[in-house]
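Work through the exercises below with the sequence and the structure in view. Each task is followed by a solution in steps.

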Amino acid sequence: GNICRSPFAQYYAQRTFPASVTVRSCGYYPKEGRACPQEAIDAARAMGVELPAHRSRVLSDELVGNAQAIFAFDEEDYRTITARYPSAKRRVHLLGFLASQPAIPIRDPYGADIGAFKAVYRTIARALDACSQAFAS
C-alpha cells in the first residue's frame with residue numbers, strides 16, 4: 001500500500017545510502033495519494049525519519065523497468081510482484097534476508113499500535129544498515 005513499511009524504508013535508505021543511490025518506494029495497492037497512518041508517522045519520527053508529507057505511489061511498469069533491485073517485505077509481496085512483473089523476478093529480493101539469517105518476513109503493521117510499527121521499523125533499519133555496508137566496501 002506504500003503507507004507503512006515502504007515509505008519508512010525509502011526515507012531511511014535515502015539518509016543512509018550514498019547520494020548516488022536512487023531509492024523509491026511504492027506499493028501494489030491500486031490507489032495513489034494516501035497518507036501514512038499516525039502510528040507510522042510517530043514511530044518513524046522516533047527513529048529520526050519524517051513521513052508526514054509522504055503520499056502513496058503505485059508500482060508501475062516504468063518503476064520496475066528502471067529498478068536495479070526491488071525489495072519485498074514478505075512472501076505475499078514477493079509473489080504478487082513477481083507474478084505481475086515476471087521479467088523482474090531476478091531483481092526482486094526479500095529485505096528480511098539482510099536483517100536476519102534465515103530471512104524473516106517483515107509483516108505489515110497496518111492497524112497495529114505504535115509498538116508494532118517501531119518493531120517493524122527497527123527490523124527495516126537493521127536490514128538497510130546491512131545493505132549500506134555494501135556501499136562502503
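**Exercise 1.** Find how many disulfides the rule gives.

Solution. A disulfide is a pair of cysteine sulfur atoms within 2.5 Å. By this rule the count is zero. Take Cys 4: the closest cysteine sulfur, in Cys 36, is 6.9 Å away, too far for a bond. Cys 36 is likewise in no disulfide, with the sulfur of Cys 4 as its nearest at 6.9 Å.

The model is predicted: local features need pLDDT of at least 70, and side-chain atom pairs count only at pLDDT 80 or more, while totals for chains, interfaces and linings use all residues. Residues are numbered from 1 along each chain as its sequence is written, and side-chain values use heavy atoms, with hydrogens and water left out.

**Exercise 2.** Decide whether Cys 4 is buried or exposed, and do the step again for Cys 36.

Solution. Buried means under 20% relative accessible area, exposed over 50%, and partly exposed in between (1.4 Å probe, protein chains only). Cys 4 has 4% relative accessibility, so it counts as buried. Cys 36 has 7%, so it is buried.
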